[in-house]
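Biologist: I would like to see how the words used for a structure rest on their cut-offs. Please show me the model, and I will ask about it term by term.

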Amino acid sequence: MARRLVGDVVSGEAARRVALGAQGFGDGRPGGRVDVRRLGKVVERVGVLQVDSVNVLCRSHYLPVFARLGAYERAALDRISWTGDRRLFEYFWGHKASLLPLSAYPLLRWRMRAVERQDWSDPEVSAPWSVVTGMQRLSKERPGYVEQVLAMVTEHGPITAGEASPDGVRRKAGDPDPDPTTGRMWNWQDAKIAVEYLFAAGRVAIAGRRNFERLYDLTERVLPAAVLRAPEPTVDEARRELVNHSAKALGVATATELCGATGGYFPLPTATARRVINELVEAGDLIPVQVEGVTQQSYLSRTAIDRPVDARALLSPFDTLIWNRDRTHRLFDFFYRISIYTPAAQRIHGYYVLPFLLGDRLVARVDLKSDRKNSTLLVPTVTPEPGATDIAEPLAAELTLMARWLNLDRIQVTADGGLGRALSQLV
């Protein structure tokens with residue numbers, strides 16, 4: 001029997017406004033220079049910036065900040081992420097490599113210890129599958145190897161995974177993969193498995209990036225001493241705080257969207273998630289509501305505000321607003337899937353496609369590429385949503401702002417269709 005939904009009814013339009021406001025799109029972009037304080041506040045608000053290696057436009061973690069604040073100095077985000085001025089640290093949010101505010105570090109220590117115990121049957125262990133299967137193999141084939149890698153980091157850090165190999169032995173390109181279950185892309189070298197395990201366990205941290213390759217060093221040499229000395233909450237307290245932060249960042253959400261094992265903002269096993277949500281409801285941090293058109297019970301954050309939203313932004317495929325594709329479809333009636341892994345002949349809207357947020361709706365899909373050699377922002381494909389009107393001028397303005405931010409001198413629109421032709425005349 002279906003569970004009866006409880007709480008006041010929230011319209012779909014109100015739920016969308018609440019979600020956009022919670023993600024920082026209701027405030028308007030600041031005028032003047034964007035300082036590091038504002039950068040830090042964006043990350044505190046959304047909770048996480050997903051880090052991705054695709055650089056066809058620019059690295060993805062820069063884009064959510066631009067979407068909310070407009071043009072800012074990307075080097076400033078680098079400084080607070082990977083230098084002595086850090087206000088962020090790199091870790092896994094669920095299974096994704098991410099930048100998080102330093103305030104989240106004590107809340108994740110319990111997950112680090114779960115990894116360190118190597119209890120891979122624990123559903124709350126947060127580590128890439130390559131680490132799980134790789135460590136299961138290394139513990140049998142190369143006992144003591146991880147400690148040798150840690151000794152290399154201790155003596156020579158910050159170093160890359162390749163530099164952390166104690167014996168310099170590497171598999172050649174034609175050698176068989178030791179674990180076919182992870183696939184060729186994730187069949188890491190043994191030193192990479194070991195140092196990523198140490199990273200997931202909190203024994204080493206990401207000190208910086210060299211050509212976007214991670215540099216590993218001892219955690220106590222990377223993170224501020226005050227963060228490492230900060231009081232550590234109990235596991236239950238940490239879970240509640242993390243899920244509550246997810247609720248604040250989402251505004252209104254189902255249990256699956258808050259902390260579902262798959263697709264959750266902060267994933268937890270189903271039984272644990274149910275218990276934590278009930279505790280937050282009892283504490284008044286979550287308010288049960290019914291969102292029109294949603295068959296699951298929804299929860300409104302105590303901090304949520306419903307107010308008009310007049311946003312204009314191009315969204316990274318990894319932006320937390322559209323991270324959960326099912327939620328994106330429900331809130332915006334916008335079916336979106338990333339295309340970078342789709343064979344070229346099967347792509348419909350382009351390769352690196354950014355949804356365009358205008359007002360409180362997603363109104364178009366814009367394929368973008370930075371041609372750095374010719375200092376040109378390329379727009380090969382642009383597709384308006386059915387019924388969307390008056391898009392060309394605000395989209396042209398956003399593309400112009402983005403091109404300047406990326407230090408590109410020109411915009412070249414080769415997209416077909418009426419919107420493409422209108423854009424080419426405006427930019």
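Biologist: Why is Phe212 called buried?

Modeller: Buried means under 20% relative accessible area, exposed means over 50%, and partly exposed lies in between, using a 1.4 Å probe and protein chains only. Phe212 has 17%. So Phe212 counts as buried. This is a predicted model, where local features need pLDDT of at least 70, side-chain atom pairs count only at pLDDT 80 or more, and totals for chains, interfaces and linings use all residues. Residues are numbered from 1 along each chain as its sequence is written, and side-chain values use heavy atoms, with hydrogens and water left out.

Biologist: What is the phi of Phe212, and where does Phe212 sit?

Modeller: Its phi is positive, about 70 degrees, although Phe212 is not a glycine. Phe212 sits in the loop between strand S5 (204–210) and strand S6 (213–218). Helices (H or I, at least four residues) and strands (E, at least two) are DSSP runs, numbered from the N terminus.

Biologist: What makes Ser375 buried?

Modeller: Its relative accessibility is 14%. That is under the cut-off, so Ser375 counts as buried. Ser375 is not a glycine, yet its phi is positive, about 50 degrees. Its place is the loop between strand S12 (361–371) and strand S13 (376–384).

Biologist: Is Asp179 buried or exposed?

Modeller: Buried, because its relative accessible area is 16%. Asp179 lies in the loop between helix H7 (145–156) and H8. Leaving out residues up to four places away in sequence, Asp179 touches Thr133 and Asn187. Contact means heavy atoms within 4.5 Å.

Biologist: What else is found in that loop?

Modeller: Pro158 is there. A cis peptide bond joins Gly157 and Pro158, with omega about 5 degrees.

Biologist: How do you know that Ser298 is buried?

Modeller: Its relative accessibility is 1%, so Ser298 counts as buried. Ser298 belongs to strand S9 (residues 298–301). Beyond four places in sequence, its contacts include Val252, Ala253, Thr254 and Ile287.

Biologist: Why is helix H1 called mostly covered?

Modeller: In H1 (residues 12–22), 8 of the 11 residues are buried. Among them are Ala14, Arg16, Val18 and Leu20. After H1 comes Gly24, with a positive phi near 95 degrees.

Biologist: What covers the buried residues of H5?

Modeller: The cover includes strand S3 (88–93), helix H8 (190–200) and helix H11 (235–250). The buried residues of H5 (109–116) are Trp110, Arg111, Met112, Ala114 and Val115. Gln118 follows H5, and its phi is positive, near 55 degrees.

Biologist: How many disulfides does the structure hold?

Modeller: It holds 0. A disulfide is a pair of cysteine sulfur atoms within 2.5 Å. Cys58 is buried, because its relative accessibility is 3%. Cys259 is buried too, because its value is 0%.

Biologist: What makes the chain as compact as a globular protein of its length?

Modeller: The chain has 16 helices and 14 strands. Its radius of gyration is 22 Å, close to the 22 Å from the globule rule for 427 residues, so the chain is as compact as a globular protein of that length. The radius is taken over C-alpha atoms, and the rule is 2.2 Å times the number of residues to the power 0.38. The C-alpha trace spans about 65 × 55 × 45 Å along its principal axes.

Biologist: How much of the chain counts as buried?

Modeller: Of its 427 residues, 55% do.
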